[in-house]
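I opened this model to look up its side-chain contacts. My notes follow, contact by contact.

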Amino acid sequence: MNEILYSEIPSLDLSDFTSDDPVRKAKFVADLGAAYNAIGFVAIRNHYLTEELSSKLYDTFQRFFYSPDELKKKYEFPELHGQRGYIGKGKETAKGFKTPDLKEFYHIGQHVTDNDPVKNEYPANVWPAEFPELEEIGLTVYKQLEKTGIAMLQAIALYLGLDEHYFDDKVKNGNSILRSIHYFPIENPDEVPADAVRAAAHGDINLITLLMGASAEGLQVLRRDGAWIPITALPEQLIVNVGDMLDRLTNNKLKSTIHRVVNPPKEKMKTSRFSMPFFMHPRSEMDLTCLPSCIDEAHPKLFADMTAGEFLNERLIELGLKKK
């Protein structure tokens, strides 16, 4: 068991992994594995998303979220179970909680451009007519984050003793989601429920999450000793964390760490916070059965066999986005 207790999450350089230097590459893999064993989070620089692209997407989504509710609700379709388009205030509740998070968000999903039959599994993306630039910038950012995620999964595969490209076919045209979140202003903080927070403590469903730097502080990670430590990405960094699917596949060797977004001081509750995570999902048929290499006498198998699609469906019901 990794006994390191981080006071901040480790920072790594993805160019070490993508370089032709086997020593740099091996060190990146080892350092990534150590961090994911202990706290499940790293900060990555020299990834594939440019600051210009990130700024453009933030600007467009800020203007969308500042629009009247009547406009936003035109792009909310409950029958899509929160998988595409706008998801309004009070719609998502973290697993184990009863009070909804203080947020609204928008989802962009996979855009299949080849003849892959998996396209039939996915609903079409929803694009607001009032913001025609969103489609191009949204899909471009999606692909750059997906490219970064594939490289991260290749490093993870090597750390696990698997072929470097173990995950490649499993995430090709995967069911990944780019989520733009608006933690909306609270004009009278005393009127919201005492237990209402921007995002209650939770683990992510997917394989890995890639998070662009948020517009304000608030993200915290639960360390193994029970302490909450703050995370703030520098402008050039992506925060990349382990999700529940990867935790399940590795029999809890790689940790899906609980995290939350806390409310700011009352005097700052009237301000918005924006955040954009990319939830990297595999194809629905991926088998999440625990890897044999992660099971031994000291680490008995913790999870029942399940596909990624079955697991996602189960969690969407728990989150209140889908009915049984």
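First, my terms: helices (H or I, at least four residues) and strands (E, at least two) are DSSP runs, numbered from the N terminus. This is a predicted model, so I kept to its cut-offs: local features need pLDDT of at least 70, side-chain atom pairs count only at pLDDT 80 or more, and totals for chains, interfaces and linings use all residues. Residues are numbered from 1 along each chain as its sequence is written, and side-chain values use heavy atoms, with hydrogens and water left out.

**Entry 1: aromatic pairs**

I paired rings of Phe, Tyr and Trp (its six-membered ring) if their centres lie within 6.5 Å; planes under 30 degrees apart count as stacked, over 60 as edge-to-face and the rest as tilted. I get 12 aromatic pairs. I looked at Phe-61 and Phe-64, whose ring centres are 6.5 Å apart with planes at 85°, so I logged the pair as edge-to-face. Both sit in helix H3 (residues 51-65), three residues apart, which puts about one helical turn between them.

I then checked accessibility. I call a residue buried under 20% relative accessible area, exposed over 50%, and partly exposed in between (1.4 Å probe, protein chains only). Phe-61 is buried at 2%. Phe-64 is buried at 1%.

Next came Tyr-66 and Phe-274, another edge-to-face pair, with 5.7 Å from centre to centre and 85° between the planes. Tyr-66 is in the loop between H3 and helix H4 (69-73), while Phe-274 is in strand S12 (residues 273-280); the two are 208 residues apart. Which of the two is buried and which is exposed? Tyr-66 is exposed at 53%. Phe-274 is buried at 3%. I also traced a cluster of ring pairs, and its members include Phe-65, Tyr-86, Tyr-106 and Phe-131.

**Entry 2: salt bridges**

My rule is a side-chain nitrogen of Lys or Arg within 4 Å of a carboxyl oxygen of Asp or Glu. The count is 21 salt bridges.

I found Asp-16 bridged to Arg-24, with the closest N and O atoms 2.9 Å apart. Asp-16 is partly exposed at 23% relative accessibility. Arg-24 is partly exposed at 34%.

Glu-164 and Lys-25 also form a bridge, 3.2 Å from N to O. Glu-164 lies in the loop between helix H5 (134-159) and helix H6 (168-171), and Lys-25 in helix H2 (residues 22-38), so this pair ties together parts 139 residues apart in sequence. Lys-25 is partly exposed at 21%.

Asp-244 and Arg-315 meet at 2.4 Å, N to O. The pair joins helix H7 (residues 244-249) to helix H8 (residues 308-318), so it ties together parts 71 residues apart in sequence. Both residues, Asp-244 and Arg-315, are buried.

I also noted a salt-bridge network of Asp-69, Lys-72, Lys-89 and Glu-104.

**Entry 3: charges over rings**

I count a charge over a ring if NZ of Lys or CZ of Arg is within 6 Å of the ring centre and within 35 degrees of the ring normal. Lys-147 has its charged end over the Tyr-48 ring, 4.4 Å from the centre. Arg-260 lies over the face of Trp-228, 3.8 Å from the ring centre.

**Entry 4: cysteines**

How many disulfides are there? I find zero, taking a disulfide as two cysteine sulfur atoms within 2.5 Å. For Cys-290, the nearest cysteine sulfur is that of Cys-294, 7.9 Å away. That is too far for a bond. Cys-290 is buried at 4%. Cys-294 is buried at 9%.
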